[in-house]
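Please keep the sequence and the structure in view while reading.

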Amino acid sequence: MLNGEAQALVKLEDVVMHYPVRMEGMVGGRRQLRAVDGVSFSISEGEALGLVGESGCGKTTVAKLMMRLLTPTSGRVVFMGRDVTDLGRREMRPLRHHMQIVFQDPFASLNPGMKAAEIVAEPLVVHEGRRPEAARVTELLELVGLHPGDANKYPHEFSGGQRQRISIARALALRPKLLVLDEPVSALDVSIQAQIINLLIELKQSLGLAYLFIAHDLSVVRHVCERVAVMYLGRIVEWGDREEVFNRPCHPYTQALVSAVPVPEPASRAERSRILLAGDVPSPLHPPSACRFRTRCWKAQDLCSEETPSLEHRLSGSGKAACHFPEQLESATAYA
């Protein structure tokens, strides 16, 4: 597990999600798309865990499994001490108060025919069967930095950042313990991203929220999250505390990701060595044998194609890395 289980709010235990895919001209006609292949981690109350990796690695599928929007092929999902893996929609309903999600595109996730006040109030109408008082809606809008006068506006009347604030307010309406944030700032202008990131940090501290923060931008994750899990082709290849993952990455894939993080200081930028990966991410329909990163890894040897590396303790620190030949880079200046 990524952290202690005693106070875990949510746990994924060896979770697998395979999708059957019909293949023309293939004997049997079907293959398995291995979207998630044995992912385990836990998030404690009030903790923010960053889940990072390239597009298509399975991050969003993990989020849907955690939210029980999908039922895993195998493995367990435990929320607030209860095994929710096989719970039906009706049984999950009481738990939805405590887990909410904020999507990547705030325009696509908001009903264009509803006013901001109606959007924010909708979870209370659906889950509690009542329309909240105007004061509660105003409180939620102000909590995310919007004005009470915004309540009667439609989504198209807001900027992208304001629409994402409405999405966050809607997610907070039921006072959840866990927020799943799926690329919450990637669809926004760079000038607005920092405002939303600061808002999320403030909300986490003031409300004691736990976050699963999904992103491909490591610089954003570094600002928000205490722990980081790095995912590649359906598996977690490294995890640990924020500083050890960013300043002392062990897995070659993590090293490549961290080396691409922009460095503002010219002196540090000149010292850094950018790691460029060859080729593209293999298809999850037919992933490489054993170590899935080996086809792009400059350190790959015969063992990497024969034996799957397990998540072992790092060379130092409390985290783990799934690599047969880990080499800890200690260059806070180059990779910070």
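Why is strand E10 (residues 235-241) largely enclosed by the rest of the structure? Five of the seven residues of strand E10 are buried, so the strand is largely enclosed by the rest of the structure. Here, buried means under 20% relative accessible area, exposed over 50%, and partly exposed in between, with a 1.4 Å probe and protein chains only. Strands (E, at least two residues) and helices (H or I, at least four) are DSSP runs, numbered from the N terminus.

The model is predicted: local features need pLDDT of at least 70, side-chain atom pairs count only at pLDDT 80 or more, and totals for chains, interfaces and linings use all residues. Residues are numbered from 1 along each chain as its sequence is written, and side-chain values use heavy atoms, with hydrogens and water left out.

Strand E9 (residues 227-232) runs antiparallel to E10 and is joined to it by six bridges; two strands count as paired if DSSP finds at least two bridges between them. Within this pair, tyrosine 232 stands opposite arginine 235 in E10. E9 and E10 form a hairpin with two residues between the strands, and leucine 233 there takes a positive phi near 50°. E10 also pairs with strand E12 (residues 320-321), in the antiparallel sense and over two bridges. In that pairing, glutamate 238 stands opposite alanine 321 in E12.

## The sheet of eight strands

E10 belongs to an open sheet of eight strands with mixed pairing, in the order E6-E7-E8-E3-E9-E10-E12-E11. E6 and strand E11 (312-313) stand at the edges with a single partner strand each, so one side of each is left without a neighbour in the sheet. E11 is joined to E12 by two bridges, and these strands run antiparallel. Glutamate 312 stands opposite alanine 321 in E12.

## The sheet of four strands

Another open sheet consists of four strands in the order E2-E1-E4-E5, and its pairing is antiparallel. Strand E2 (30-44) and strand E5 (82-83) stand at its edges, each with a single partner strand, so one side of each is left without a neighbour in the sheet.

Five bridges connect strand E1 (residues 8-22) with strand E4 (residues 74-79), and the two run antiparallel. Lysine 11 stands opposite valine 78 in E4, while leucine 12 stands opposite valine 77 in E4. E4 is in turn joined to E5 by two bridges, again antiparallel. The bridge partner of valine 78 in E5 is aspartate 83. E4 and E5 form a hairpin with two residues between them, and methionine 80 in the turn has a positive phi of about 55°.

## The nonpolar cores

In soluble globular proteins, nonpolar side chains tend to be buried together. A nonpolar core is a set of buried Ala, Val, Leu, Ile, Met, Phe, Trp, Tyr and Cys residues joined through side-chain atoms within 4.5 Å. The largest nonpolar core has 58 residues, of which Ile166, Ile168, Leu172, Tyr211, Phe213 and Val230 touch the most other members. Helix H3 (residues 116-128) supplies the largest share of this core, six residues. Apart from this core lies another, of 34 residues, among them Val15, Val39, Phe79 and Val180.

Which residues are in contact with leucine 172, leaving aside its neighbours within four places in sequence? They are Arg136, Leu140, Leu143, Val144, Leu179, Leu203, Leu207 and Leu209, where contact means heavy atoms within 4.5 Å.

## The largest pocket

The largest pocket has a volume of about 590 Å³. On a 1 Å grid over the protein atoms alone, a pocket is an open set of points with protein on both sides within 12 Å along at least five of seven lines, and a lining residue has an atom within 4 Å of a point. Grid points are joined across faces, edges and corners, and a volume is the space filled by probe spheres set on the points.

Of the 23 residues that line this pocket, Met67, Leu69, Arg96, Gln100 and His127 are the closest to its centre. H3 gives the largest share of the lining, four residues.

Conventions. On a 1 Å grid over the protein atoms alone, a cavity is a set of points where a 1.4 Å probe fits but cannot get out, and a pocket is an open set with protein on both sides within 12 Å along at least five of seven lines; lining residues have an atom within 4 Å of a point.
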